[in-house]
Amino acid sequence: MQWASNLSPRQWWADLSVTAFTAGFVATLVGFTSSIAIVFSAARGFGATQGEISSWIWALCIGCGLTSLLPSLWMRKPVMIAWSTPGAVVLATAAAGGQFHIADAVGAFIVSSLLITLSGVSGWFERIMHRIPLAVAAALLAGVLARFSMQAFSAAGTERGLVVTMLLVYLAGKRFSPRYAVVWTLLAGVAYAALRGMLDWSSVHIGLAQPVFTYPQFGLQAIVSLALPLFIVTMASQNLPGVAAIRAAGYDMPVSPLITMTGFASLILAPLGGYALNLSAITASICMGPEAHPDPAKRYMAAVVWGLWMLVIGIFGVAVTGLLVAFPEQLVQAIAGLALLSTIGTSLMLALDQQSHREVAVITFLVTLSGVELLGVGSAFWGVVAGVVALLIQDYAPRRRV
């Protein structure tokens with residue numbers, strides 16, 4: 001693993017820019033508000049108390065903050081770690097049945113974290129990723145981001161004025177101030193929401209989040225129904241597109257050590273509610289794209305800002321959660337979708353660049369975009385499967401002689 005030679009705080013401060021700060025804040029806004037309700041639902045379903053729910057938020061945010069902040073500063077590359085949103089969906093679905101208690105869930109978190117750690121230590125996941133062509137990886141990322149980005153325009157169905165205003169400001173910004181287009185778009189969206197009385201401050205309360213330790217309980221049913229599905233969806237639906245985001249952005253990062261780090265951090269935080277940390281794809285694309293900084297060598301500061309925000313939310317969880325939830329859902333969807341447009345375009349260009357792999361990339365993109373879910377595993381995994389199968393048939397199947 002190669003580390004950056006200049007670790008001076010003065011250099012970090014010099015590399016910080018308005019666009020990097022905005023990208024980090026937008027990533028926080030999108031990453032937190034888009035999935036926090038699912039985490040709440042899962043915790044409540046397992047019978048967690050208010051203190052235990054607060055501990056889940058503390059553990060996840062502190063974990064994401066430290067595992068993003070420290071490697072990003074050390075390597076001067078944007079390392080983006082998030083919690084597993086598909087994993088939260090798996091947990092919330094299982095919790096709805098009422099057969100598992102929070103102690104069972106924590107035991108499952110520990111088992112899943114051990115499996116993720118072993119995946120990193122063994123290096124098998126990185127070896128698989130190196131065998132996937134760039135066209136397939138880029139198409140996978142484009143499909144994941146496009147599916148998410150479409151929410152920006154579907155939000156116009158309920159808040160047409162807000163979305164249209166943000167879109168026009170974004171287009172004007174790309175024309176006259178391309179580096180700050182996302183900054184102006186976010187400011188315009190907040191101003192519009194404030195003038196229309198769309199900001200809800202009722203959930204803002206002052207308070208500190210505190211960790212609560214839960215003793216784990218290990219049972220075969222919980223391992224089969226919670227731990228294994230959590231491990232599979234985290235690796236297939238989160239880490240897989242996360243690596244694709246890194247590759248598409250042109251960064252060379254040590255994947256196995258990063259996977260090991262997320263697994264070990266999850267293992268430590270599991271009794272406190274940190275169910276699964278993983279490489280990010282959507283928020284990573286926001287911080288790894290040109291909107292964060294024209295110079296790829298300085299985009300790491302966007303990940304640093306993300307990490308700092310996560311730490312603040314973890315410490316002042318009650319108050320900051322209320323502040324972020326105050327933003328209307330349509331604003332969050334719009335700013336996320338617009339901030340990802342450039343990355344989607346770049347990913348599609350990489351995916352379709354080689355004519356020999358063009359149809360394979362299109363198949364990967366469409367299956368991923370479809371949102372199909374089979375055997376409890378999301379479309380990101382099946383998009384890769386479809387692309388690899390198409391690639392094998394196209395390139396390696398024996399051809400009939402004429």
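Reader: Is L208 buried or exposed?

Author: Buried means under 20% relative accessible area, exposed over 50%, and partly exposed in between (1.4 Å probe, protein chains only). L208 has a relative accessible area of 55%, so the residue is exposed. L208 is placed in the loop between α10 (181-195) and α11 (220-248); helices (H or I, at least four residues) and strands (E, at least two) are DSSP runs, numbered from the N terminus. Please note that this is a predicted model, in which local features need pLDDT of at least 70 and side-chain atom pairs count only at pLDDT 80 or more, whereas totals for chains, interfaces and linings use all residues. Residues are numbered from 1 along each chain as its sequence is written, and side-chain values use heavy atoms, with hydrogens and water left out.

Reader: Which residues are in contact with S266, leaving aside its neighbours within four places in sequence?

Author: Contact means heavy atoms within 4.5 Å. By that criterion S266 is in contact with S113, G274, A276 and L277, once neighbours within four places in sequence are set aside. S266 belongs to helix α12 (residues 255-269) and is buried, at a relative accessible area of 0%. The C-alpha atoms of S266 and A276 are separated by 5.4 Å, although the two residues are 10 residues apart along the chain.

Reader: What is the phi of R76?

Author: Most residues other than glycine have a negative phi. In R76, phi is near 55 degrees, a positive value in a residue other than glycine. R76 lies in the loop between α4 (50-75) and β1 (81-83), and its relative accessible area of 21% makes R76 partly exposed.

Reader: How many disulfides does a search of the whole structure find?

Author: A disulfide is a covalent bond between the sulfur atoms of two cysteines; the criterion is a pair of cysteine sulfur atoms within 2.5 Å. The search of the whole structure finds zero disulfides.

Reader: Where does Q238 lie?

Author: Q238 lies in helix α11 and is buried, with a relative accessible area of 13%. Apart from its neighbours within four places in sequence, Q238 is in contact with residues including W83, P86 and N278.
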